[in-house]
Amino acid sequence: MFPPEEGLKAFIAAETCAAVDVVAAEAALGVALPQDYKAFLRLHDGARGWVGNTRFELWRAAELPSINRDHSALGLLAFGGDGRGALLAFDLRDQPYAVLIVPVASFSHDAARLVAKSFSGLFYRLSQAEGSL
């Protein structure tokens with residue numbers, strides 16, 4: 001597994017997240033978050049900046065329920081975005097949850113594109129990529 005912190009050198013990471021906040025987010029969402037993502041949240045409760053040639057923001061655990069309240073039936077869990085109309089989301093249909101990039105304007109599986117097979121894989125891909133997501 002590629003440790004996400006390896007790809008965070010140009011990221012502005014938030015302070016750590018209390019385990020109780022991660023548990024509260026999972027309870028509010030009704031979803032068990034991926035282990036590598038929970039580990040990231042415990043180290044950095046959100047972040048923003050550049051990884052490789054890609055700029056994006058990862059949201060805080062406490063923000064996830066309100067951001068996703070209208071998307072729960074879609075089988076997608078948004079956890080970040082690029083600030084230009086695309087969201088990063090977990091595909092909740094199969095475990096382990098793959099990471100997708102989804103246009104905000106058409107937030108659906110049909111519009112989504114696979115980015116990585118896991119949260120850790122996202123950082124590995126971005127650290128190796130020449131272009132953007």
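User: Where is the place of H109?

Analyst: This is a predicted model, in which local features need pLDDT of at least 70, side-chain atom pairs count only at pLDDT 80 or more, and totals for chains, interfaces and linings use all residues. Residues are numbered from 1 along each chain as its sequence is written, and side-chain values use heavy atoms, with hydrogens and water left out. Strands are DSSP runs of E, at least two residues long, numbered from the N terminus. H109 sits in the loop between strand 6 and strand 7.

User: Which backbone oxygen does the side chain of H109 reach at 3.4 Å?

Analyst: A polar contact is a pair of N or O atoms within 3.5 Å; within protein, one must be able to donate a hydrogen and the other to accept it, and residues adjacent in sequence count only if both atoms are side-chain atoms. A polar atom of the H109 side chain lies 3.0 Å from the backbone oxygen of L74. At 3.4 Å, the side chain reaches the backbone oxygen of G75.

User: What is the bridge partner of L100 in strand 7?

Analyst: L100 is among the residues that H109 touches (heavy atoms within 4.5 Å), not counting residues up to four places away in sequence. Strand 6 and strand 7 (residues 113-116) run antiparallel, joined by three bridges; strands pair if DSSP finds at least two bridges between them. In strand 7, L100 is partnered by L114.

User: Which residue of strand 6 is the bridge partner of D91?

Analyst: D91 is also touched by H109. Strand 5 (residues 86-91) pairs with strand 6 in the antiparallel sense over six bridges, and a hairpin of six residues joins the two. The partner of D91 in strand 6 is A98.

How values were computed: Helix = DSSP H or I, 4+ residues; strand = E, 2+ residues; numbered from the N terminus.
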